[in-house]
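Trainee: I would like to learn how to read a sheet and its surroundings in a model. Could you walk me through one?

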Amino acid sequence: MNLILQSKTVNFWAQPYGSSTLWAYLFGALIFGILVFVGLMFMPAQFRRPVVAFCTFIAGAYWVLLYAWPAPIDLQPNELPQGPVEGVGAWLKDANPVVVGMTGIITAFMLGLGIFSLLSIHLRKIRRQQRDWPFSVVLLVSMVAMVSFGYADYFSRQGPDGTKLDLQANWGLANYGRDLLFDGLLQQMDAAMFSVIAFYILSAAYRAFRIRSVEATILLSTALLVMLSLMGAVAYISEQTINGLVSSTGNDFFLNFTLTEVAGWVRRTFETSSLRGIAFGVGIGALAMGLRIWLSLEKSGGNA
Amino acid sequence: MAKNDPIPQPIKPSMSLAEKLTSLPKFYLYIILIFFSSAPLFINVTVPNKPLESSIDLYATLMSVKPGETVLVASDWTNSTRGESWGQFNSVMRILMRRGVNVVLYSTGDAQAPRVAQDSIAKLNKERLAKGEPEYKRWENFVSVGFFSSGEAATNGMATNVKATFAGRKDFAPGRGLTDVYESPILKGREKIENFPLLIVITGSKTSNITVERLSGKVPIAFTVTGVMGPETGNFYQSGQIVGFASGLKGLYDLEGLMENGVNVPGKDGQIVIKSEKYPKIDGFPGQPNAGQGSRYYPTLHFAVALLILAVIIGNVGMFLARKGAK
């Protein structure tokens, strides 16, 4: 709604602030929303699927049309579109910020859903004192503490002097609390979890990376080459050696065989082309999956 | 056999070298890794380095933005990838701050990302103030637009109209509290993505792909990405969809070296430290705090990669010896 109210450009999606048309739109959308919500609640389960399929199709159709429909070229805000083709193109373009806002709001609802799910599961676990219930207490206390200090910090910055709190010297309890929980604990634990990967990589390199075939040998040699090229000291030594060879033989051709050059060649030719191939494959797969979801042919997501 | 005689134990055959090499306990491997990755942090070593072309392009692009201009910075990293991303963010921001370039921060990668970015700017400001340099001020030099929960939709919206996508977003204005970001002087007259001279994405996730898909060709794009993302980002660089990128610790070390030495700039001994045929002379910031996380962690990367290679060699030698013994 904020988007509609704050827009300076007047079009179908953004009526003038306080105008009767805007109020009519708002009222109409509210009534429509309530009716849809009530309708879905009382609708028999077998009829929900077509409704969901219809909404999915409309939502997907917008993005498809936005790309497929000819876009108006250099249409100014105070200019009317010429003809129906340009009219639809302009309408779709004007709708973009509104649709983006709606998408953001719908995505943000997942946060609420996540909190609801977390609370219902862990409160039940604590109430029934199921296995490991103290961990649930820790989780909920952490969540409440983080939210409380987060909001306290946010509200402390609301006033006219809020920017002063960008400097630590001006901090109060709420700011220090937020910093301790967010930067001191959450972020550090986040980094620690990620760093555990190093141990898995080392263990896997030692136990699993074995030369058992020609393909594995090629893979291993290439990996070693690229890894060594990332080590500046090794790359430097290789370059010095090749430079020495060039100055003693007078043949510049050897310059093509520095570690950096060879690794760069591997990256530019084999690596990028393979990755591009994979990306194309993934893209085609995503397109096929997108079409299935858009046309509600995908049934594996459960019943609506 | 008497009642109290010890029970004879079967004699364990001593392990062959092959068996020893293929069955090193995990515990020792992990201890060695901890030692190898921690020890270099206590030693001050300057590792020789030749920056990659992609890193030089990134530096040249950052240095080509005119003072007073406003660039978009998509800060899509959190501390989970701070080993690389934090240093990259600091280096990029140091260059922009020193050149007097304004920044619009936004994030489509993680809800924590805007806070992490603001905290990092606060630390950089502390460093600037300690050196007697002016503060890089919120609202006047940078604004934070915040997090967009749907990266695809927000980036798509930016392709059409940045102002409409950022509508309703607020940041702290001095003396006024929360104010619409578009009232900030640094966003004046910048409604479309084409009005920005550069978009820099600092990321540890797939937001780089979305940015290229939606905004390529509309604004020059530069990336700093984690080492894991380097190969796929190379694709965009080769195709000309992005103007430059720094990947992982190597990219960060490149960037820090470029900040210290510039490009085609003669050093004290008259020798050019970093040469490039592509660019004329691009100044650096010699003597300023350029060395950061890259310089600190790059030796660690050396030791860790060396250990990894050693582990692969030991495992394979053990396997070959075992096969030979079996024959």
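Mentor: Gladly. Let's begin with a term: two strands count as paired if DSSP finds at least two bridges between them. Keep in mind that this model is predicted.

Trainee: Which residue is the bridge partner of B:Val225 in S8(B)?

Mentor: That partner is B:Ser247. The strands involved are S7 (residues 221-225) of chain B and S8(B), which pair in the parallel sense over 4 bridges.

Trainee: And how should I read the sheet as a whole?

Mentor: Strands of a sheet pair through backbone hydrogen bonds, either parallel or antiparallel. In chain B, 6 strands make an open sheet with parallel pairing, and their order is S3-S2-S1-S6-S7-S8. Strand S3 (142-147) and strand S8 (244-247) of chain B form the edges, each pairing on one side only. From one strand to the next, the twist averages 15°.

Trainee: Which helices lie across S7 and S8 of chain B?

Mentor: Helix H3 (residues 53-64) of chain B is one of them, running at about 120° to S8(B). Helix H9 (residues 230-238) of chain B also lies across S7 and S8, at about 170° to S8(B).

Trainee: How many helices and strands does chain B have?

Mentor: Chain B has 11 helices and 8 strands. Its radius of gyration is 25 Å, well over the 20 Å that the globule rule gives for 327 residues, so chain B is more spread out than a compact globule. The C-alpha trace of chain B spans about 100 × 50 × 40 Å along its principal axes.

Trainee: What share of the residues of chain B count as buried?

Mentor: Of its 327 residues, 50% do.

Conventions: Residues numbered from 1 in each chain as written. Chains lettered and ligands numbered in written order. Predicted model: local features only at pLDDT ≥ 70, side-chain atom pairs only at ≥ 80, totals over all residues. Helix = DSSP H or I, 4+ residues; strand = E, 2+ residues; numbered from the N terminus. Axes fitted to C-alpha atoms, helices over the stretch in contact; angles between N-to-C directions. Contact = placed C-beta atoms within 7 Å. Rg over C-alpha atoms; globule rule 2.2 N^0.38 Å. Buried ≥ 20, exposed ≤ 12 C-beta atoms within 10 Å, placed from the backbone.
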